[in-house]
Amino acid sequence: MLDAKLTIALSKGRILEDTLPLLERVGIRPSEDPDASRKLVVGTNRPGVELVIVRATDVPTYVEFGAADVGVAGRDVLLEQGADLYEPLDLGIGKCRMVVAEPEGLAAEDDPSRWDRVRIATKYPNITRDFFARQGVQTQIVKLYGSMELAPLVGLADRIVDLVSTGRTLEENGLVEVETLFGISSRLVVNKAALKLKHPLVSDLIDSLAGVLEDKAS
């Protein structure tokens, strides 16, 4: 093993909140609260194990290019980016779903099985394009970075593809789900070189987390 250090990439927000208890169950605790600190590299109680705090969309990039050995990323980000990573575990956290939604008035008389061409606003153009291509539906995609629900309200697009947890935001903006693409959860991702060069450290983390998940499921 060339390097005894293990770097874990996490993103602030829901994934971080749900991941820290899992890490604590396997004996890894940050030396300070990542949410309260401005530090982007946070040490832990385990010598040689550190956390790097990055944007959620950057986690796969940091891991793929070796700046981090492992990380936690949502399935939505992984599918959209198509990074070359090993995904040994579904951590079962950050659960939600990716859906097609449209205004209630349109949905009342709409039939998704008869779509042939749609204009979609989304922050996930690759996922959206692939999904509709498999159904033989042509798409005009408008890429946005936030406030998807606004697009149908102002005529930018008839429909949106976005993540939904409770559906409350859609409801408050007069939108309804009309199609579900797939369920989303967060995965442990591993740099393929690190899996070989740091096998004892990486495999121990994978096995320990797998044990925690088994205990939670039982």
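Q: What makes up the lining of the largest pocket by class?
A: In this predicted model, the lining has 12 nonpolar, 8 polar and 8 charged residues, where Ala, Val, Leu, Ile, Met, Phe, Trp, Tyr, Cys and Pro count as nonpolar, Asp, Glu, Lys and Arg as charged, and the others, Gly among them, as polar. Local features need pLDDT of at least 70 and side-chain atom pairs 80 or more, while totals for chains, interfaces and linings use all residues. Residues are numbered from 1 along each chain, and side-chain values use heavy atoms, without hydrogens and water.

Q: Which residues that line the largest pocket are the closest to its centre?
A: The largest pocket has a volume of about 720 Å³, and of its 28 lining residues the closest to the centre are Ala56, Asp76, Val77, Tyr124 and Leu163. Lining residues have an atom within 4 Å of a point of the pocket, on a 1 Å grid.

Q: Which helix gives the most to this lining?
A: H3 does, with 4 residues, and H3 (75-81) is among the elements that each supply at least two, together with H1 (14-25), E4 (70-74) and E9 (159-164).

Q: Which residues of H1 are called buried?
A: They are Ile15, Leu16, Thr19, Leu20, Leu22 and Leu23, because buried means under 20% relative accessible area, with a 1.4 Å probe and protein chains only.

Methods: On a 1 Å grid over the protein atoms alone, a cavity is a set of points where a 1.4 Å probe fits but cannot get out, and a pocket is an open set with protein on both sides within 12 Å along at least five of seven lines; lining residues have an atom within 4 Å of a point. Grid points are joined across faces, edges and corners, and a volume is the space filled by probe spheres set on the points. Buried means under 20% relative accessible area, exposed over 50%, partly exposed in between (1.4 Å probe, protein chains only).
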